[in-house]
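Reader: I have a model open and would like to go through it with you. Can we start with a single residue and work outwards?

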Amino acid sequence: MPYTTSPVLPAGALARTPQPVLPTGDGLVLRPWRTEDAPAVHQAFQDPLMHQWHLMASGSQAEAAGWIEGWLKQWEAERIAQWAVVDADGDRLLGRVALRDIVLVDGLAKVAYWTTAAARGRGVAARATAALTRWAFEEIGFHRLELLHATANEASCRVAAKTGFALEGIKRSAFLHPDGWHDMHLHARVRGA
């Protein structure tokens, strides 16, 4: 049965070119992951705050290296696209920003991020999210980006607000964290709005 609309983005919209490096213009760079990032990723996941809001735990640098290998392959599959967020001067890892649950036919993806303990309070997540959002809308042509976070995660709510993601509602008991089920804020931005 034929569809009555055309795909918002064609297959290959991401994978037809190498994953780009995205400078934020204010001292940060979003770049593809590298295998040599494994020690910094492992270190980032030793932070108890990461365990509070993220479900992964890194038991070793080798495990982190395995994650990175998988992250690099995800670009070709066009379902998840992840960038390391680094400082422009020293290439020190400050966090990660990603498009997850990509649905090209609908022009839809979810924005996700984390920052290292040393990078918190410096606007890293907001600056990286703003740069990724600009690229997704202006360079690729996504129609809608969503951002979900636990309602108790006030820092993530501030990032969403700073980057123009309007609060659309609450998904009740929608995500299982180590301490139980959490309600999630659903924020979104639509291209051109």
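**Working through the model**

Author: Glutamate 146 is buried, with a relative accessible area of 13%; buried means under 20%, exposed over 50% and partly exposed in between, for a 1.4 Å probe and protein chains only. This is a predicted model, in which local features need pLDDT of at least 70, side-chain atom pairs count only at pLDDT 80 or more, and totals for chains, interfaces and linings use all residues. Residues are numbered from 1 along each chain as its sequence is written, and side-chain values use heavy atoms, with hydrogens and water left out.

Reader: Where is glutamate 146 found?

Author: In strand β6. Strands (E, at least two residues) and helices (H or I, at least four) are DSSP runs, numbered from the N terminus.

Reader: And which side chain does the side chain of glutamate 146 make a polar contact with?

Author: That of arginine 144, at 2.9 Å. A polar contact is a pair of N or O atoms within 3.5 Å; within protein, one must be able to donate a hydrogen and the other to accept it, and residues adjacent in sequence count only if both atoms are side-chain atoms. Leaving aside neighbours within four places in sequence, glutamate 146 is also in contact (heavy atoms within 4.5 Å) with residues including Leu108, Lys110, Phe165 and His187.

Reader: Switching to arginine 31. Buried or exposed?

Author: Buried, at a relative accessible area of 3%. Arginine 31 is in strand β2, residues 28-31, and its side chain has a polar contact of 2.9 Å with that of aspartate 37. Not counting residues up to four places away in sequence, arginine 31 touches Val21, Asp37, Trp83, Ala84, Val86 and Asp91.

Reader: Now α5. Which residues are buried there?

Author: Ser156, Val159 and Ala160 are buried in α5. They cover an arc of only 100° around the axis, which puts them on the same side of α5; the arc is that of the directions from the helix axis to the C-beta atoms.

Reader: What's on the other side of α5, and what covers the buried residues?

Author: Glu154, Ala161 and Lys162 are exposed on the other side. The cover over the buried residues includes β5, α4, β6 and β8 (180-190). Just after α5, glycine 164 takes a positive phi of about 80°.

Reader: Last topic: what volume does the largest pocket have, and which residues lie nearest its centre?

Author: The volume is about 1200 Å³. The largest pocket is lined by 45 residues, with Trp53, His54, Tyr113, Asn153 and Ser156 nearest its centre. On a 1 Å grid over the protein atoms alone, a pocket is an open set of points where a 1.4 Å probe fits, with protein on both sides within 12 Å along at least five of seven lines; lining residues have an atom within 4 Å of a point. Grid points are joined across faces, edges and corners, and a volume is the space filled by probe spheres set on the points.
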